[in-house]
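This briefing is meant to be read with the model open beside it. Please find each residue as it is named, and follow the topics in order.

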Amino acid sequence: MKATSPLYQPGILEGVPAVARYVLFNLAQGSDAGAVRAALKRLSPLANGSDVVLGIGPALVAALGAQVPGLHEFPDLSGHGVKVPSTPGTLWCWVRGDDLGDLLHLTRKVQKALAPAFVIRHVVDAFRHALGESGHGRDLTGYEDGTENPNGEAAEEAAFARGLGPGLDGSSFVAVQQWLHDLDAFEALADDEKDHRIGRRRSDNEELEDSPTSAHVKRTAQESFEPPAFMLRRSMPWMMSMQAGLMFVAFGSSLYAFETQMRRMAGHEDGVVDAMFGISRPVNGAYFWCPPMRDGALDLRQLGL
Ligand code: HEM
């Protein structure tokens, strides 16, 4: 029997790759809807959902005269002494693999397929760090990242839209937010202060019940929201020269889980700011819609293609 190909971009569900590039494109001046459609068609064989996961920004959806229910621009959630900037994006590619050189060549192919309608705005190189037996990599602070991610059927439920109809089912809403670590501030903390900021012990990944309400995993505990706010995190460490941090990436069946958690992290719910802000800060933030797949290719019918 022929296996049915998934309705979603499979790279979203696969584990984090060894290396990746986050490539953000702008619309070139003067590009019209026809040029955009032609570029997306040329991109389609490359954006197979595994080597390249594709996300489309709200403004590009609108420029094509299309609509994706529930998609909106990333809100500026600054407040309570912390900055959570909104930097909307047009088209986003998560280029994935196990060799950085191969990724450069793949990025060049993607760039050529999208030219002249789109131009590269920003590329961030990322990598998996200190992969352990659990199958999860670590943030550059040394804490395992991804422990409480949903698995199997629950992961699919958290990450992909369903019940919305053909062209939308299997699609995903992604929040992309680059965090810049202050590793000097982090290293200056005693080990137990570090653990209480995260809410987990770095040495054995045990959750610490007695950590303060500002501890990161207490702020974001997915089942503590009403309704519960489950999503699929696929973040990766990044570095550029001597700057480094986490490219936070979370896929959801809607933008609800990320936005609700981010609001609480920034203190909008109860005035308590996530302790993560003492050792890191977001420098940008954007939402994209990741189209579904049909018969192994991107399904762009919602965009009129
Ligand atoms: C510098 C940025 C960040 C770092 C270094 C970081 C790191 C971590 C670590 C180490 C954990 C514990 C292990 C795990 O369950 O994965 C965790 C959990 C979690 N983080 Fe983050 N995180 C960051 C930003 C964010 C943001 C912006 C959000 C959402 C708005 C978020 C949502 C979550 C969630 C939902 C959990 C699991 C909570 C649970 O249900 O127990 N994180 N994070």
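This is a predicted model: local features need pLDDT of at least 70, side-chain atom pairs count only at pLDDT 80 or more; totals for chains, interfaces and linings use all residues.

Helices, which are H or I runs of at least four residues in DSSP, and strands, which are E runs of at least two, are numbered from the N terminus. With that numbering, β5 (172-181), α8 (216-220), β8 (243-252) and α9 (256-265) each supply at least two residues of the shell around the ligand.

**The ligand and its surroundings**

- The ligand is surrounded by 27 residues, and the closest of them are G146, E148, H216, Q222 and R233.
- The space that the ligand takes up is the largest pocket.
- Which element gives the most to the shell around the ligand? It is α9, with 4 residues.
- For T147 it is a backbone N or O atom that lies 3.1 Å from an oxygen atom of the ligand.

**H216, a residue beside the ligand**

- H216, which is among the residues closest to the ligand, is found in helix α8.
- Is H216 buried or exposed? H216 counts as buried because its relative accessibility is 19%, and buried means under 20%.
- Not counting residues up to four places away in sequence, H216 touches R197, I198, M265, D274 and M276.

**R96, a buried charged residue**

- R96, whose residue type counts as charged, has its place in strand β3, which covers residues 91-97.
- R96 is buried, because its relative accessible area is 6%.
- What does the side chain of R96 reach at 3.2 Å? It reaches the backbone oxygen of G11, while the backbone oxygen of S50 lies 2.6 Å from a polar atom of the side chain of R96.
- When residues up to four places away in sequence are left out, R96 touches G11, E14, G15, P17, V19, A20, S50, D51, V53 and L103.

**Backbone features to look for**

- Most residues other than glycine have a negative phi, and most peptide bonds are trans.
- The peptide bond from A115 to P116 is cis, with omega near 5°, and P116 is found in the loop between α4 (100-114) and β4 (118-127).
- The peptide bond from E226 to P227 is also cis, with omega near -5°, and P227 is found in the loop between α8 and β6 (232-233).
- A130 is not a glycine, although it has a positive phi of about 50°, and it lies in the loop between β4 and α5 (152-159).
- A130 is described as partly exposed because its relative accessible area is 38%, a value that falls between the limits of 20% and 50%.
- D295 is another residue other than glycine with a positive phi, here near 50°, and its place is in the loop between β11 (293-294) and β12 (297-298).
- D295 is exposed, because its relative accessible area is 71%, and exposed means over 50%.

**Positions along the chain and in space**

- M240 has its place in strand β7, which covers residues 236-240, and M240 is partly exposed, with a relative accessible area of 42%.
- M240 and V124 are 116 residues apart in sequence, and their C-alpha atoms are 7.8 Å apart in space.
- Which residues is M240 in contact with, leaving aside its neighbours within four places in sequence? They are V123 and V124.
- P45 is placed in the loop between α2 (33-43) and β2 (52-56), and P45 counts as exposed because its relative accessible area is 66%.
- The C-alpha atoms of P45 and G132 are separated by 34 Å, and these residues are 87 residues apart along the chain.

How values were computed: Residues are numbered from 1 along each chain as its sequence is written. Side-chain values use heavy atoms; hydrogens and water are left out. Buried means under 20% relative accessible area, exposed over 50%, partly exposed in between (1.4 Å probe, protein chains only). A polar contact is a pair of N or O atoms within 3.5 Å; within protein, one must be able to donate a hydrogen and the other to accept it, and residues adjacent in sequence count only if both atoms are side-chain atoms. Contact means heavy atoms within 4.5 Å. A residue is near a molecule or strand if one of its heavy atoms lies within 4 Å of it. On a 1 Å grid over the protein atoms alone, a cavity is a set of points where a 1.4 Å probe fits but cannot get out, and a pocket is an open set with protein on both sides within 12 Å along at least five of seven lines; lining residues have an atom within 4 Å of a point. A molecule sits in a cavity or pocket if more than half of its atoms lie within 2 Å of its grid points.
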